Amino acid sequence: MKLSALGDIVHASVVIQFIRKHIANAHISWFCDARFEQIARLLAGVDEVVALPLKDKKFLKTFGILRQKQGQFDIIIDLQGLLKSALVSRSLGKNIFGFDRFSAKEGLASIFYTHKYSCNYDKNIILRNLELCAFALNFSFDEKEILAKEPCFLKNSRIPSDESRIPSDKSRIPNKNSRIPSKKILIAPFASENSKCYAHFASVIKGAKEFAQCFLVAGSEPERKKAAELASSGATLLAPLDLAQILEFMDTCDLIIGNDSGITHLAWAQNCATITLFGNRSGARNAFATPKNLIIQATPKHEIDAFHIDKSDFCINDIDPAQIIAKAKGLCDA
């Protein structure tokens, strides 16, 4: 069996394990935008990654790639629920599974699906993806199985085991006579939107450094400039890392703290302990809580509507840093 899956890579990554569990000989092809090709190629259990230059609007090239793949799949599953992903799915074949018009992010996408699944859009995104795959492939699952999942991404051993050689910008150089805590916390302070970014990480770092070394990860140059300022609170800014290196570094940490962002969700997918901060979005929908994966939800100005996010609501900054520090200490001591 061949299967094509489209959607948010991190949130959808766990479905691969369930497909392998129930259809061991499945040939799984994963279609994604070319921007996400690197992380898609780290997905454990995927046989083929097909990168489409959609974001770059290279439509002729995209059409050529899809034409070569047309008719090769027994089942096509669109986990994303966008008109764009539905059109891609339809170009690959006719046996397409997706969310119905009330359940998809863009309801119009559902007209291209042969089989439609109804699921409340406010339901947890991990469960939504698994339920759609279970519907398409005729299997059942228990939420407890998610707790027993294996890490979802492969890793390349590029980070030296000697911790003194971890690449960093040396924004924090501890005093030789100071006691360096044995616990390590990675902080991911950035996100795709300003309203998802917590403004008080400096206070979290100052409180957490009493029991843990704090490290900061940043991507773009503007992020790195902000992270360098944040590092003065007592953290170490890591040198630029690719996604495989970030996965490796996470493995050396006791905890990852971050906003509702790719790095924090990657940590969950890898079975790392996490604290994820939410403000104008629902933590119950966008993260899967476990005893070691905690969610801290601020109180939004208005009731959260997953279809229409109030990006002017910065309530995430109402979260008390002391609450984060206390939960971080509890997880590090566990």
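Reader: In β8, which residue is the bridge partner of L186?
Author: This is a predicted model, where local features need pLDDT of at least 70, side-chain atom pairs count only at pLDDT 80 or more, and totals for chains, interfaces and linings use all residues. Residues are numbered from 1 along each chain as its sequence is written, and side-chain values use heavy atoms, leaving out hydrogens and water. Strand β7 (residues 183-188) runs parallel to strand β8 (residues 212-216), joined by 5 bridges. In β8, L186 has as its bridge partner F215.

Reader: What is the strand order of the open sheet of 6 strands?
Author: Strands (E, at least two residues) and helices (H or I, at least four) are DSSP runs, numbered from the N terminus. Two strands pair if DSSP finds at least two bridges between them. The sheet is open, its pairing is parallel, and its order is β9-β8-β7-β10-β11-β12.

Reader: Which strands stand at the edges of that sheet?
Author: An edge strand here has a single partner strand, so one side of it is left without a neighbour in the sheet. The twist from one strand to the next averages 20°. The two edge strands are β9 (235-237) and β12 (293-297).

Reader: At about what angle does α11 run to β11?
Author: Helix α11 lies across β7, β10 (255-259), β11 (274-278) and β12. Angles run from 0 to 180 degrees between N-to-C directions, and axes are lines fitted to C-alpha atoms, for helices over the stretch in contact. The angle of α11 to β11 is about 145°.

Reader: Are α10 and α11 roughly parallel or oblique to each other?
Author: Helix α10 (residues 243-251) packs against helix α11 (residues 262-269) at an angle of about 55°, and their axes are 11 Å apart. Angles under 35 degrees count as roughly parallel, over 145 as roughly antiparallel, 65 to 115 as roughly perpendicular and the rest as oblique. So α10 and α11 are oblique.

Reader: How far apart are the axes of α8 and α13?
Author: Look at S203, V204, G207 and A208 in α8, which meet P321, I324 and I325 in α13. This contact has 5 nonpolar, 2 polar and no charged residues. Helix α8 (residues 201-208) and helix α13 (residues 321-333) pack at about 40°, and are therefore oblique. Their axes are apart by 9 Å.

Reader: Are α2 and α6 roughly parallel or oblique to each other?
Author: V15, F18 and I19 in α2 meet N129, L130, C133 and L137 in α6. By class, that contact has 6 nonpolar, 1 polar and no charged residues. Helix α2 (residues 15-22) and helix α6 (residues 125-137) pack at an angle of about 25°, with axes 10 Å apart. Therefore α2 and α6 are roughly parallel.

Reader: Which helix makes a β-α-β unit with β4 and β5?
Author: Strand β4 (residues 75-78) runs parallel to strand β5 (residues 96-99), with 2 bridges between them. The unit is right-handed (with the strands pointing away from the viewer, the path from the first strand over the helix to the second runs clockwise). The helix in the unit is α5 (residues 83-92).

Reader: In β6, which residue is the bridge partner of F97?
Author: On β5, I96 is the bridge partner of I76. β5 also pairs with strand β6 (residues 115-117), in the parallel sense over 3 bridges. In β6, the bridge partner of F97 is H115.

Technical notes: Contact means heavy atoms within 4.5 Å. Ala, Val, Leu, Ile, Met, Phe, Trp, Tyr, Cys and Pro count as nonpolar, Asp, Glu, Lys and Arg as charged, and the others, Gly among them, as polar.
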